[in-house]
Amino acid sequence: MGLVRKQAPQQPEEVLPEPPDTGTLLSQLDDPDPDCRREAALGLVDVAEAVPELLARVGTEEDPRVLESILTTLAARDTEEVAGGLAVHLASDEAVLRTAVAAALATMPQSVPALLPNLLAAPDHDVRVMTAMVLADLPHPEAHTWLVKMICEDPHPNVVTGAIDALLPSATAEDAQLLRDAVERFPDDPFLRFTVNAALPRLTGTA
(Lines give C-alpha, C1' and ligand atoms only; values in the text may rest on other atoms or scores of the structure.)
Protein backbone atom coordinates (compact mmCIF):
# COMPACT_ATOMS: atom_id res chain seq x y z
CA MET A 1 0.00 0.00 0.00
CA GLY A 2 1.50 3.30 -1.06
CA LEU A 3 1.98 6.27 1.17
CA VAL A 4 -0.71 8.93 0.90
CA ARG A 5 0.56 12.49 1.09
CA LYS A 6 -1.43 14.44 3.58
CA GLN A 7 -2.62 17.78 2.37
CA ALA A 8 -1.56 20.77 4.44
CA PRO A 9 -4.48 22.34 6.24
CA GLN A 10 -5.95 25.21 4.24
CA GLN A 11 -5.28 28.62 5.71
CA PRO A 12 -8.45 30.65 6.05
CA GLU A 13 -8.59 33.29 3.33
CA GLU A 14 -7.84 36.71 4.73
CA VAL A 15 -10.85 38.98 4.54
CA LEU A 16 -9.88 42.57 3.96
CA PRO A 17 -12.04 45.16 5.66
CA GLU A 18 -14.30 47.25 3.46
CA PRO A 19 -12.80 50.69 2.75
CA PRO A 20 -14.65 53.48 4.54
CA ASP A 21 -17.25 55.28 2.47
CA THR A 22 -17.06 58.97 1.57
CA GLY A 23 -19.28 60.05 4.46
CA THR A 24 -17.10 58.22 6.95
CA LEU A 25 -13.91 59.72 5.49
CA LEU A 26 -15.37 63.22 5.60
CA SER A 27 -16.37 62.79 9.23
CA GLN A 28 -12.88 61.49 10.03
CA LEU A 29 -11.45 64.84 8.95
CA ASP A 30 -12.75 66.08 12.33
CA ASP A 31 -11.15 63.25 14.30
CA PRO A 32 -8.86 64.45 17.13
CA ASP A 33 -6.25 61.86 16.03
CA PRO A 34 -4.01 63.43 13.34
CA ASP A 35 -3.24 60.00 11.87
CA CYS A 36 -6.96 59.40 11.37
CA ARG A 37 -7.37 62.81 9.68
CA ARG A 38 -4.35 62.11 7.51
CA GLU A 39 -5.68 58.74 6.36
CA ALA A 40 -9.06 60.32 5.64
CA ALA A 41 -7.50 63.07 3.53
CA LEU A 42 -5.52 60.55 1.48
CA GLY A 43 -8.56 58.29 1.14
CA LEU A 44 -10.52 61.11 -0.50
CA VAL A 45 -8.14 61.43 -3.44
CA ASP A 46 -10.68 60.25 -6.02
CA VAL A 47 -13.73 61.89 -4.47
CA ALA A 48 -14.64 65.07 -6.37
CA GLU A 49 -17.38 66.02 -3.92
CA ALA A 50 -14.78 66.22 -1.13
CA VAL A 51 -12.87 69.08 -2.80
CA PRO A 52 -14.80 71.96 -1.13
CA GLU A 53 -14.40 70.36 2.30
CA LEU A 54 -10.69 69.72 1.78
CA LEU A 55 -10.13 73.27 0.51
CA ALA A 56 -11.86 74.60 3.63
CA ARG A 57 -9.42 72.60 5.78
CA VAL A 58 -6.28 74.04 4.19
CA GLY A 59 -6.40 77.23 6.23
CA THR A 60 -7.41 75.59 9.50
CA GLU A 61 -5.50 72.31 9.74
CA GLU A 62 -2.70 72.71 12.29
CA ASP A 63 -0.89 69.39 11.92
CA PRO A 64 1.70 69.73 9.13
CA ARG A 65 1.47 66.05 8.14
CA VAL A 66 -2.29 66.26 7.79
CA LEU A 67 -1.98 69.50 5.86
CA GLU A 68 0.53 67.85 3.53
CA SER A 69 -1.89 64.98 2.93
CA ILE A 70 -4.76 67.36 2.21
CA LEU A 71 -2.63 69.28 -0.26
CA THR A 72 -1.43 66.07 -1.92
CA THR A 73 -5.01 64.94 -2.44
CA LEU A 74 -6.11 68.33 -3.76
CA ALA A 75 -3.12 68.81 -6.06
CA ALA A 76 -3.76 65.41 -7.64
CA ARG A 77 -6.93 66.85 -9.19
CA ASP A 78 -5.09 69.79 -10.88
CA THR A 79 -8.25 71.75 -11.68
CA GLU A 80 -8.80 75.52 -11.75
CA GLU A 81 -11.20 75.18 -8.82
CA VAL A 82 -8.48 73.60 -6.68
CA ALA A 83 -5.71 75.90 -7.90
CA GLY A 84 -7.80 78.99 -7.23
CA GLY A 85 -8.76 77.73 -3.79
CA LEU A 86 -5.13 77.09 -2.92
CA ALA A 87 -3.69 80.29 -4.41
CA VAL A 88 -5.50 82.51 -1.90
CA HIS A 89 -3.21 81.09 0.77
CA LEU A 90 -0.11 82.48 -0.95
CA ALA A 91 -0.99 85.68 0.93
CA SER A 92 -1.19 83.93 4.30
CA ASP A 93 0.73 85.31 7.28
CA GLU A 94 1.81 81.74 8.10
CA ALA A 95 5.05 80.91 6.35
CA VAL A 96 4.53 77.15 6.68
CA LEU A 97 1.15 77.36 4.98
CA ARG A 98 2.41 79.69 2.21
CA THR A 99 5.33 77.39 1.45
CA ALA A 100 3.23 74.21 1.53
CA VAL A 101 0.64 75.71 -0.81
CA ALA A 102 3.33 76.95 -3.21
CA ALA A 103 4.81 73.46 -3.32
CA ALA A 104 1.39 71.98 -4.09
CA LEU A 105 0.67 74.52 -6.83
CA ALA A 106 4.04 73.74 -8.39
CA THR A 107 2.75 70.23 -9.13
CA MET A 108 -0.31 71.51 -11.02
CA PRO A 109 0.83 72.45 -14.55
CA GLN A 110 -2.64 72.12 -16.08
CA SER A 111 -4.44 74.66 -13.91
CA VAL A 112 -1.83 77.09 -12.55
CA PRO A 113 -1.13 78.92 -15.86
CA ALA A 114 -4.67 80.34 -15.88
CA LEU A 115 -3.97 81.98 -12.50
CA LEU A 116 -0.68 83.58 -13.47
CA PRO A 117 -1.98 86.88 -14.90
CA ASN A 118 -3.64 87.69 -11.58
CA LEU A 119 -0.80 86.33 -9.45
CA LEU A 120 1.84 88.30 -11.37
CA ALA A 121 -0.25 91.47 -10.92
CA ALA A 122 -1.06 90.89 -7.24
CA PRO A 123 -0.77 94.14 -5.22
CA ASP A 124 0.98 92.24 -2.41
CA HIS A 125 4.56 91.77 -3.56
CA ASP A 126 4.93 88.79 -1.19
CA VAL A 127 2.32 86.95 -3.27
CA ARG A 128 4.43 87.63 -6.35
CA VAL A 129 7.51 86.29 -4.55
CA MET A 130 5.59 83.11 -3.77
CA THR A 131 4.50 82.93 -7.40
CA ALA A 132 8.16 82.87 -8.40
CA MET A 133 8.59 79.91 -6.03
CA VAL A 134 5.73 78.12 -7.77
CA LEU A 135 7.27 78.78 -11.20
CA ALA A 136 10.64 77.50 -10.00
CA ASP A 137 9.31 73.94 -9.90
CA LEU A 138 6.29 74.07 -12.20
CA PRO A 139 6.78 71.48 -14.98
CA HIS A 140 5.51 73.72 -17.78
CA PRO A 141 7.33 74.79 -20.98
CA GLU A 142 6.48 78.47 -20.39
CA ALA A 143 7.75 78.63 -16.78
CA HIS A 144 11.09 80.10 -17.91
CA THR A 145 9.30 82.75 -20.00
CA TRP A 146 7.13 83.84 -17.08
CA LEU A 147 10.15 84.16 -14.81
CA VAL A 148 11.93 86.28 -17.43
CA LYS A 149 8.85 88.51 -17.57
CA MET A 150 8.96 88.94 -13.79
CA ILE A 151 12.65 89.81 -13.86
CA CYS A 152 12.15 92.36 -16.65
CA GLU A 153 8.92 93.98 -15.49
CA ASP A 154 8.21 93.58 -11.77
CA PRO A 155 8.76 96.86 -9.88
CA HIS A 156 9.81 95.28 -6.56
CA PRO A 157 13.44 94.15 -6.04
CA ASN A 158 12.44 91.28 -3.74
CA VAL A 159 10.20 89.84 -6.45
CA VAL A 160 12.91 90.20 -9.06
CA THR A 161 15.43 88.53 -6.75
CA GLY A 162 12.96 85.72 -6.11
CA ALA A 163 12.40 85.28 -9.83
CA ILE A 164 16.16 85.21 -10.42
CA ASP A 165 16.56 82.54 -7.72
CA ALA A 166 13.80 80.54 -9.39
CA LEU A 167 15.36 80.95 -12.84
CA LEU A 168 18.96 80.11 -11.93
CA PRO A 169 18.69 76.29 -11.92
CA SER A 170 17.67 76.40 -15.60
CA ALA A 171 19.52 79.57 -16.61
CA THR A 172 22.11 79.56 -19.38
CA ALA A 173 24.68 82.01 -20.73
CA GLU A 174 21.87 83.60 -22.75
CA ASP A 175 20.32 84.79 -19.47
CA ALA A 176 23.46 86.59 -18.27
CA GLN A 177 22.50 89.98 -19.76
CA LEU A 178 19.01 89.63 -18.30
CA LEU A 179 20.56 89.38 -14.84
CA ARG A 180 22.92 92.32 -15.46
CA ASP A 181 19.94 94.42 -16.55
CA ALA A 182 18.14 93.52 -13.33
CA VAL A 183 21.06 94.87 -11.29
CA GLU A 184 20.93 98.10 -13.29
CA ARG A 185 17.20 98.42 -12.54
CA PHE A 186 17.85 98.16 -8.79
CA PRO A 187 21.40 99.46 -8.25
CA ASP A 188 20.79 100.07 -4.52
CA ASP A 189 19.65 96.54 -3.68
CA PRO A 190 22.67 94.66 -2.28
CA PHE A 191 20.97 91.26 -2.07
CA LEU A 192 19.90 91.29 -5.70
CA ARG A 193 23.40 92.38 -6.73
CA PHE A 194 24.97 89.62 -4.61
CA THR A 195 22.63 86.99 -6.13
CA VAL A 196 23.52 88.03 -9.67
CA ASN A 197 27.25 88.39 -9.04
CA ALA A 198 27.35 84.93 -7.47
CA ALA A 199 25.57 83.41 -10.49
CA LEU A 200 27.27 85.16 -13.41
CA PRO A 201 30.63 83.31 -13.30
CA ARG A 202 28.87 79.96 -13.72
CA LEU A 203 26.61 81.23 -16.49
CA THR A 204 29.43 82.88 -18.44
CA GLY A 205 31.97 80.14 -17.88
CA THR A 206 34.35 82.35 -15.93
CA ALA A 207 34.03 80.57 -12.58
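Me: Helix axes are lines fitted to C-alpha atoms over the stretch in contact, and angles run from 0 to 180 degrees between N-to-C directions. This is a predicted model, where local features need pLDDT of at least 70, side-chain atom pairs count only at pLDDT 80 or more, and totals for chains, interfaces and linings use all residues. Residues are numbered from 1 along each chain as its sequence is written, and side-chain values use heavy atoms, without hydrogens and water. Is α2 roughly parallel or roughly antiparallel to α4?

Reply: Helices are DSSP runs of H or I, at least four residues, numbered from the N terminus. The axes of α2 (residues 34-43) and α4 come within 8 Å and cross at roughly 5°. Angles under 35 degrees count as roughly parallel, over 145 as roughly antiparallel. Therefore α2 and α4 are roughly parallel.

Me: Which residues of α4 does α2 meet?

Reply: Contact means heavy atoms within 4.5 Å. From α2, Pro34, Asp35, Arg37, Arg38, Ala41 and Leu42 take part. Their partners in α4 are Arg65, Val66, Ser69, Ile70 and Thr73.

Me: Is glutamate 61 buried or exposed?

Reply: Glutamate 61 sits in the loop between α3 (51-58) and α4 (64-75). Beyond neighbours within four places in sequence, glutamate 61 contacts Arg37, Val66, Leu67 and Ile70. Buried means under 20% relative accessible area, exposed over 50% (1.4 Å probe, protein chains only). At a relative accessible area of 14%, glutamate 61 is therefore buried.

Me: Which helices do the buried residues of α6 pack against?

Reply: In α6 (residues 95-105), the buried residues are Leu97, Val101, Ala102, Ala104 and Leu105. Down the axis of α6 they fall within an arc of 160°, so they line one face of the helix. That arc uses the directions from the helix axis to the C-beta atoms. These buried residues pack against α3, α4, α5 (80-87) and α8 (125-137).

Terms used
Helix = DSSP H or I, 4+ residues; strand = E, 2+ residues; numbered from the N terminus. Parallel < 35°, antiparallel > 145°, perpendicular 65-115°, else oblique.
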